[in-house]
Each structure stands twice: as C-alpha cells, then as structure tokens.
Amino acid sequence: MLSNKYYFYLALLLVCLSSSPGYAKESKLLSSTHTQSPWQADLGNGEYKNPILHADYSDPDVVAVNGHYYMTASSFNSAPGLPILHSTDLVNWQLINYALPIQLPQAHFAKVQHGNGVWAPTIRFHDNKFWIFYPDPDFGIYVTTAKDPAATWSTPQLILAGKGLIDPAPLWDDNGKAYLVHAWAKSRAGFNNVLTLREMSNDASWVSDKYTHIVDGKNHPGYRTIEGPKFYKRNGYYYIFAPAGGVDLGWQSVFRATAITGPYEAKVVMAQGNSVINGPHQGAWVHTQFAEDWFIHFQSKQAYGRITHLQPMRWEHDWPIIGVDKNANGIGQPVLQYTKPRSKISPKPTSIVNNDEFNSAELSLLWQWNANPSSSWYSLTDNLGFLRLYSQPITAQNSTNLWSTPSLLLQKIPAEQFAFTTTLQVNKTSSASSSGLILFGEDYAWIGIKTSTTGEQQLVYVHCFNARKGCKESIVEQQPLTQPYLELKVVLQPGATAIFSYRTAASAEFQIIGEHFQAKKGRWVGAKLGLFSLSQTPGASNYADFDYARYDTLD
C-alpha cells in the first residue's frame, strides 16, 4: 500500500503541471534528494577557505594518527555529546561518531541544562588507544577511551571531582611521568585566569589533590580569562597553548618553560590584527606526517556559534607563529584562504552530509537532543520513510515557551546561508498539541501546526524573545489548515536573518509567513534548527511525522 506522502507528491505534481513554469525549480525540493552542501571549504584547486567548518564545533581539539585526523569539541547539554569528526587532510571532515551517548549523571541531564555539561575537551592517542579528557564545570573532570574512535567509547570515569575545574589537557612526559593541566571557571570556583598543574597516573585512574598554579594572568600584563590549555613538549620546552581575552575578542597565546612547573614565558602568537576574523583562538596544534604544522581554532560568530578555522603554523626561535605574520612582529594573523596541507589521502572536496531522508533505522548523526533522550520519543520504523516524533508532555516548564523542553531534536546551523525544508503531518486527536520546525536560541521562532482540544488544526508562525528569562510565546500569524500535509521552509540569509514559509498540496509557491526573524545564539552555543512535537495528553496516538530534512544552497 502506498503511504500518504506519495499521494501528497501526486497532488503537488498535478498542481505543478497546472502552474507557471517558474514553479519547476521549487518543485525539485519535493522530487529529489539534495546532496549539495551549503558550505564547502575545499576550493578544488589545491587551496581551502576558512572556516573549514561553518558550524558550531566549539573549542575544537585534534589528534593526528598515521595520516588520519580526529577532532572533538564541546557539546554542553546536547545528547549525544562529544562529537568525533574524521579527516585525512584537515580540510574535508565527516562526522563519524559521538563519544558520549548520554550525559552523566544521567538523571541530572534528563532535564535541560543549557550551557552546562561538556565544556572544552582534549583528544589524544596514547598507549595504542584514544583518550578524551573533558570537564563538566559542576562535577569535575572525566576521561573516556576507545581503541577505535568510530566505535563505542568507554563509560566516562570521573577522575577529578570538584566545581569549576575546566578545560583539562594531559601530557605523558618522556621521563615516564604523566601530568594534567586545567583551567578554572569563575562562575563556580570564584576565580579564573589561572592554569593549574597536577600529577596524574599513566592510566589516568588517579589525579593528585595537590596542585600548582603554573600560569597566572596577574603576572602577565593585559592578560584576562586564560583558559582552554593544550599541553605539548618540543625541543626540550614545555608548551601550553592557551587562549586569553574572552570568547568573542580574545587572542591565542603560548606559554613555554624548560621545567614543567615553570617559570613560564608568555607570547601572543595569533590575534585578529587587520583580518576580519575576530577572536581567533583556542584549539589544536597538529604536526603532520609531512612535517607541516597547522593550528585549528574557533571564531565566535554570534548566532552561527563558534565556527572552525585552519591556520598555517611555523616555528621561529622555538616560538610558534600561527597564521601569517604580515607585520614581521612574531604575531600571526588568521588567513581566509590558503594552500591545503599535504596529505597521503587527498579526498575529493566534500563536507559533512547535512541531509536526512529518514530512510535509516537510526537517526543521522546530525541530530542531538536538548537533554538525555528516551527511545520512546521517536520512531523511524512505525511509518517507514518518515521520522515519527511522539508528542511529549506539555509541562509547567514548557507551557509558555520551549526553552526547557528536553525532546527538541536539534542540529547545528551548517553554513552562513541556505534553505532548509521538511514536511509535516500531525494526526488529528482531541488533545491540544504543537508540532513544527524551529530555529532555536535565546530568541526563537517556529512554524507548524497547533491542534485544539476539538481537533481543529491551525497553521501557525510563533516567536519568543528572551526565552532563557521566561518569555511567553506569541502567535504572529495563524490560519485554518485544511490540507493533511505541510511543507515547511526556512531560508537563512547572511547575518542569520531568517524567512519562514510553507506550502500545501493546494499551493504552487511557498507562502512567506511573518517577518524577518533574527536568529540568536543559545547559552554558549549557536542557534540550532530542529523539529518537535508536544501534547497535553501524550501517548502513542499523538505524534507528528516528518518526511525529510533537506538543505539547499541559495541562488
């Protein structure tokens, strides 16, 4: 038996045949699968452009293993967490896994914990396995390991408990000893701008309670918010790569010493300078098989989050210079375009696969929930070819806005501009419900279907400003819905302004609804796109079906 979506497509085809030729281009959104990514860093001519990932992989760290590169990043309250990305050339990346299927402690993160959870991690390869050290500012420092980064990671172990312990980085020294350096969060510890050294066992099962502050911003004029350290050793020097100056406008510094406990000298090695890349800092030094040095870092770009850049790096007098030193002063500036790194495996220009046709038995890795999920929240088999979201309860916490809704299914914004489409059908019940496509942040907007207790369905466009502080949703536009299906669309323009639109089987063109909406970042993260379904009487009979999630470039 044919499913409902095929009748929908047939109805749309009939409309298209009777409409103007100009509709043919739009109709492709329903008749084909788009594979063109809205962002491509590899220029195909031996050069690349920054950012290499125009997506919110914040606080990135990378490890190089036999010509392969593995990246992880902060994931905060999202589940799954600790994304694992893979590349063979540092430019073309694929999302291959998550090291953290659920957040720990599990019950704590069953509720939405915006801005908490996984802060800046470090990934390393040691003793023939991969290690990720990550902090939770409210619980302490965890470690998880895997033989294969694309497979299952071990259950995280809390190796250092305490509030305000953040941004850990290990160093296995060549004298057989192991150490851990970390920063402090002022919001929990009462102070920051300090990097602290502790001894650690080689298997990271023990970390000393005793510690030494080896870098203190008070000893370095002009330094503030030193954090995000990465620990290395080269040519007899201990190096700590650490950002300073804050998320939006900071710079990259390096501290070095001949003894692990210091004293450490400080040097600014990359800053914005005359470039257009604000606050270039916090990331990973990568030394390749071809003896090239590179640095991966983030740029804070408001609603887009902290997007990922790749910079050339060289050494001069045992100090690194990151980017291009245009002023010959030993301080690099970030580049927007550059020659690609040499690589043994050079893939064709590619990017993270953004589309999801919901034809798999599992959710695409694109998706993350707003909190620890339950398998009962969704199905990819109850209506084959569709994602079925079972309507989750409208509670006191989310009755006025969606900020604290655990069951929001979200993904990162993948480019500066794009079109995103999905289709939505909600079963008719006598339960008040809301389902739709959302552009989510501290300000958010969504388009979708509201169902009344009498079963009447309305197409609605809704927005909410300052959700974190408790705004109440406002219905901007609404109209009766007589068609069983809606195709929903959001176009994101440069500067992260969005236009929402829709069409039904009875309409040829997308109909714009509402006005321009300015996307806004969330708590330490960028805005996100997502899907949701809520009901006053949740259960197996209340659900919303989504046919696909497709991106397209803008003309």
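Mentor: The protein has three helices and 38 strands; both are DSSP runs numbered from the N terminus, helices being H or I with at least four residues and strands being E with at least two. This is a predicted model, where local features need pLDDT of at least 70 and side-chain atom pairs count only at pLDDT 80 or more, while totals for chains, interfaces and linings use all residues. Residues are numbered from 1 along each chain as its sequence is written, and side-chain values use heavy atoms, with hydrogens and water left out.

How far can you trust it? Mean pLDDT, the predictor's confidence in each residue on a scale from 0 to 100, is 92 for the protein, and 93% of the residues reach 70 or more. Residues 1-35 have pLDDT below 50, though this stretch still has 64 contacts in the model beyond near neighbours in sequence; a contact means heavy atoms within 4.5 Å. Where pLDDT is low, the predicted coordinates should not be read in detail.

Now the overall build. The radius of gyration of the protein is 24 Å, which agrees with the value near 24 Å for a compact globule of 555 residues; that radius is taken over C-alpha atoms, and the globule rule is 2.2 Å times the number of residues to the power 0.38. The C-alpha trace spans about 75 × 50 × 40 Å along its principal axes. Of the 555 residues, 62% are buried, and here buried means under 20% relative accessible area, exposed over 50%, and partly exposed in between, with a 1.4 Å probe and protein chains only.

On to your rings. The count comes to 30 aromatic pairs, where rings of Phe, Tyr and Trp (its six-membered ring) pair if their centres lie within 6.5 Å, and planes under 30 degrees apart are stacked, over 60 edge-to-face and the rest tilted. Take Phe 241 and Phe 295: their ring centres are 6.1 Å apart with planes at 25 degrees, so this pair is stacked. The pair ties together distant parts of the chain, since Phe 241 sits in strand 15 (residues 237-244) and Phe 295 in strand 19 (residues 293-300), 54 residues apart. Both Phe 241 and Phe 295 are buried. Ring pairs also link these two with Tyr 232, Tyr 237, Tyr 239, Trp 285 and Trp 315 into a cluster.

Thr 288 is buried at 6% relative accessible area, and its contacts include Tyr 69, Leu 90 and Trp 294.

The charged end of Arg 306 sits over the ring of Phe 298, 5.2 Å from its centre, and Arg 550 lies over the face of Tyr 548 at 3.8 Å from the ring centre; the rule wants NZ of Lys or CZ of Arg within 6 Å of the ring centre and within 35 degrees of the ring normal.

Lastly, there is one disulfide in the structure, a disulfide being a pair of cysteine sulfur atoms within 2.5 Å. Cys 464 and Cys 471 form it, with S to S at 2.0 Å, and both cysteines are buried. The torsion about their S-S bond is about 120 degrees, so the disulfide is right-handed.

How values were computed: Lists of a residue's contacts leave out its neighbours within four places in sequence.
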